[in-house]
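Biologist: Thanks for sitting down with me over this one. Could you walk me through a few of its features, one question at a time?

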Amino acid sequence: MTKQMTRTVVMNKLALVTFALLASSTQVAIGATLPEKVNWIEHNQEPLFASKEAKQGGTFYTYMNSFPQTLRSVGPDANSGIRGYLMDGTPKLAGRHPNTGKWIPQLATAWAFSADNQTVYFKLDPNARWSDNTKVTADDYLFMLTYNRSKDIVDPWYNDFFTNAITDVIKYDDYTIAIKSGTKMSNDELMTQINMPSNGLQPRPKHFFAKLKKDKNGDGMPDDFVRRYNFKVEPTVGPYVLDKIERGKKLVFKHVNDWWGYSNRYYQNRYNVNKISMKVIRDNDIARKHFERGDIDTYGLVLPSLWHEKSDTEPYKDGYIQKFWGYNQLPQGAGGLWMNTAMPMLNDVNVRAGITYAMDFDGMLLHVLRGDYMRLPSGMGYGHGDYDIANQTAPKFDPQKAINYFNKAGFTHIDADGIRSNAAGQRLSFAVTYSFAPHTRRIAYLKEQAKKAGLELTLNLIDGSSAFKFMLEKKHQIAFLHMGAGEIPSYWEYLSSETAANQTNNFTNYKNPEMDKLITAYRHTFLKKDKVTISHQIIQKVADEYLIVPGYMVPYTREGFWRWIKFPKNGMTKQTLSLTSPMDVANFWIDQDVKKETLAARKEHKVFPPVTIIDTRFKLGAKDDQ
């Protein structure tokens with residue numbers, strides 16, 4: 001699944017923010033006075049998750065499937081695979097501790113909550129610097145509003161978020177600010193909204209944009225922003241800044257000199273490599289060959305065929321490459337088979353129910369995916385704590401129950417090939433649209449099993465982004481798709497009548513006034529217990545309407561890496577997406593001595609014991625050792 005799929009898609013009905021609104025909403029209370037009683041929170045004594053044994057240095061070699069179309073983090077084509085280096089993976093005001101879940105300092109050293117349930121105060125870290133060594137101050141957060149509200153960035157989602165979700169930034173002094181939400185929320189929800197990796201709520205370098213030209217509309221941003229900054233490198237607050245660009249071929253990031261982050265105890269002994277070299281390799285099989293030659297340091301092995309079969313080659317057997325399987329507890333997004341309720345036949349709940357019981361996901365997981373993946377209990381995802389329905393399970397494969405529902409829908413005739421039809425001659429046949437060739441075997445298994453209930457599935461493989469566009473435009477009948485997830489589940493984008501239109505994430509094209517009322521209540525309720533109750537009602541209604549056949553989840557990372565890549569004894573955390581990602585938890589390092597030893601050993605045909613590490617500490621149901 002691409003990062004493009006994890007970003008909320010802009011609604012067609014979303015209007016651009018007008019200049020008048022921009023002008024009024026960017027007024028900030030500079031020089032305002034803090035309330036007398038502010039209860040500052042720091043959480044500066046949480047356990048560390050990096051190692052003092054870590055060594056800094058070396059170049060980390062990796063790859064990307066395509067060269068990014070822009071170096072901007074907002075605007076057209078900005079949702080690329082390198083956005084983690086430009087925005088998503090860079091420090092926010094605070095972040096979740098990856099094991100305890102408590103908020104810990106990043107760009108802010110402390111925070112406090114207002115009694116209005118809309119405002120959070122922050123003390124900025126005076127050590128924070130941009131990669132050009134300019135101080136990060138409150139003015140950069142004021143400019144953040146200017147930047148994200150400007151129509152010149154050509155990104156209505158950010159225009160809307162920084163007008164309606166984030167309504168104000170208040171400056172008290174150079175290192176004290178408040179951020180105000182447009183709606184009342186619990187304290188934890190406020191922190192989640194403010195510090196969500198992809199929402200862009202991070203400082204923007206005011207000094208970098210200080211000498212603006214072509215600002216005819218007077219909104220503080222250049223009218224030609226999209227073109228002018230398409231391949232310009234903005235200063236960053238993160239540990240790595242883009243250093244070299246070879247168009248269409250390679251990007252090289254370098255470590256920021258004397259990075260300010262190491263004054264924060266949680267950043268120490270992380271982000272250890274000096275450079276990150278990202279080569280364009282468009283074919284994953286070719287990339288795997290580069291990896292086994294030693295040209296790339298790590299390679300993902302999540303696919304069962306990679307872990308069980310294709311990692312049985314000589315470099316693994318000789319101990320040059322090691323294998324790692326580590327479980328995490330990241331939230332899982334909505335996913336499975338999304339049924340387009342605006343399509344003929346799929347607008348009948350009995351047909352959708354029949355399809356649900358005709359899908360043998362459990363058999364597919366066992367026979368095709370070797371039992372490695374786990375079934376989602378709900379089409380709306382998993383791992384959201386109290387927001388999920390406890391002990392919920394996905395519908396089991398039951399051909400007879402499926403047939404009963406198909407009969408209710410009028411599909412009582414059985415054609416010569418065993419597929420059911422109705423009195424109007426409509427065959428019980430639907431196309432399943434998907435975007436990734438390795439998924440073909442999975443859907444083919446579902447197709448064969450569905451025949452037992454008289455249901456025909458045809459496979460509609462469309463390449464990558466074209467498939468997602470096809471789904472966004474609601475041209476699909478059934479979409480095989482798994483979305484990303486936030487800490488708190490989102491329902492409006494998937495289920496609201498407002499979003500049943502082109503270019504939205506409402507892949508079921510669902511419209512229902514009762515659901516709309518639930519979603520409105522969910523969005524405007526700030527007491528967690530009430531929000532949890534409504535969340536359960538929404539999830540249950542999705543199940544009762546048979547909108548999404550729950551798919552599967554992969555609550556782990558599996559990777560191969562050359563033996564010079566080192567990490568702490570307990571390097572995996574509950575929130576580790578990738579053990580060897582330079583912008584994730586990033587507590588690994590390169591041991592240059594081991595690298596020399598390994599390369600010399602290959603020349604001399606010397607081998608090492610093969611190594612496979614399996615970390616089950618955070619496997620669902622396992623005892624938590626943290």
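Biologist: Let's start with D88: which residue does D88 form a salt bridge with?

Modeller: Keep in mind that this is a predicted model. In it, D88 has a relative accessibility of 19%, so with the cut-off for buried at under 20% D88 counts as buried. The closest N and O atoms of the pair are 3.3 Å apart, and the partner of D88 is R83.

Biologist: Is R83 buried or exposed?

Modeller: The cut-off to apply is a relative accessible area under 20%. R83 has a value of 2%, so R83 is buried.

Biologist: Where in the chain do the two partners R96 and D188 sit?

Modeller: The side chains of R96 and D188 meet in a salt bridge, at 2.8 Å from N to O. This pair links distant parts of the chain, 92 residues apart: R96 is in strand β2 (residues 94-96) and D188 is in helix α5 (residues 187-195).

Biologist: And what is the relative accessible area of D188?

Modeller: Both partners fall in the partly exposed class. R96 is there with 26%. D188 is partly exposed too, and its relative accessible area is 35%.

Biologist: E473 and K469 also form a salt bridge; is E473 buried or exposed?

Modeller: The closest N and O atoms of E473 and K469 are 2.6 Å apart. K469, at 45% relative accessibility, counts as partly exposed. E473 has a relative accessible area of 16%, and under the 20% cut-off that makes E473 buried.

Biologist: How many salt bridges does a search of the whole structure find?

Modeller: Besides pairs such as R96 with D188, there is a network of salt bridges linking R352, E514, K541 and E545. For the whole structure, the search finds 33.

Biologist: Moving to helix α18, how far does it reach from its first C-alpha to its last?

Modeller: Helix α18 covers residues 592-603, which is twelve residues. At 1.5 Å a residue the expected span is 16 Å, and the model comes close to that with 17 Å.

Biologist: Why do the buried residues of α18 line one face of the helix?

Modeller: The buried residues of α18 are V594, K595, T598 and A601. An α-helix has 3.6 residues a turn, so residues three or four places apart point the same way. On the other side, D593, K596 and K603 are exposed. Seen down the axis of α18, the buried residues line one face because they fall within an arc of 130°.

Biologist: Which strands are included in what covers the buried residues of α18?

Modeller: The residues being covered are V594, K595, T598 and A601. Their cover includes β1 (59-64), β22 (556-562) and β23 (565-566).

Biologist: Last one: which backbone oxygen does the side chain of Q332 reach?

Modeller: Q332 lies in the loop between β12 (321-327) and β13 (335-339). With a relative accessible area of 13%, Q332 is buried, and among the residues Q332 touches are L376, Y382 and M553. At 3.4 Å, its side chain reaches the backbone oxygen of L330.

Methods:
Residues are numbered from 1 along each chain as its sequence is written. This is a predicted model: local features need pLDDT of at least 70, side-chain atom pairs count only at pLDDT 80 or more; totals for chains, interfaces and linings use all residues. Side-chain values use heavy atoms; hydrogens and water are left out. Helices (H or I, at least four residues) and strands (E, at least two) are DSSP runs, numbered from the N terminus. Buried means under 20% relative accessible area, exposed over 50%, partly exposed in between (1.4 Å probe, protein chains only). A polar contact is a pair of N or O atoms within 3.5 Å; within protein, one must be able to donate a hydrogen and the other to accept it, and residues adjacent in sequence count only if both atoms are side-chain atoms. Contact means heavy atoms within 4.5 Å. A salt bridge is a side-chain nitrogen of Lys or Arg within 4 Å of a carboxyl oxygen of Asp or Glu. The expected span of a helix is 1.5 Å times one less than its number of residues. The arc is that of the directions from the helix axis to the C-beta atoms.
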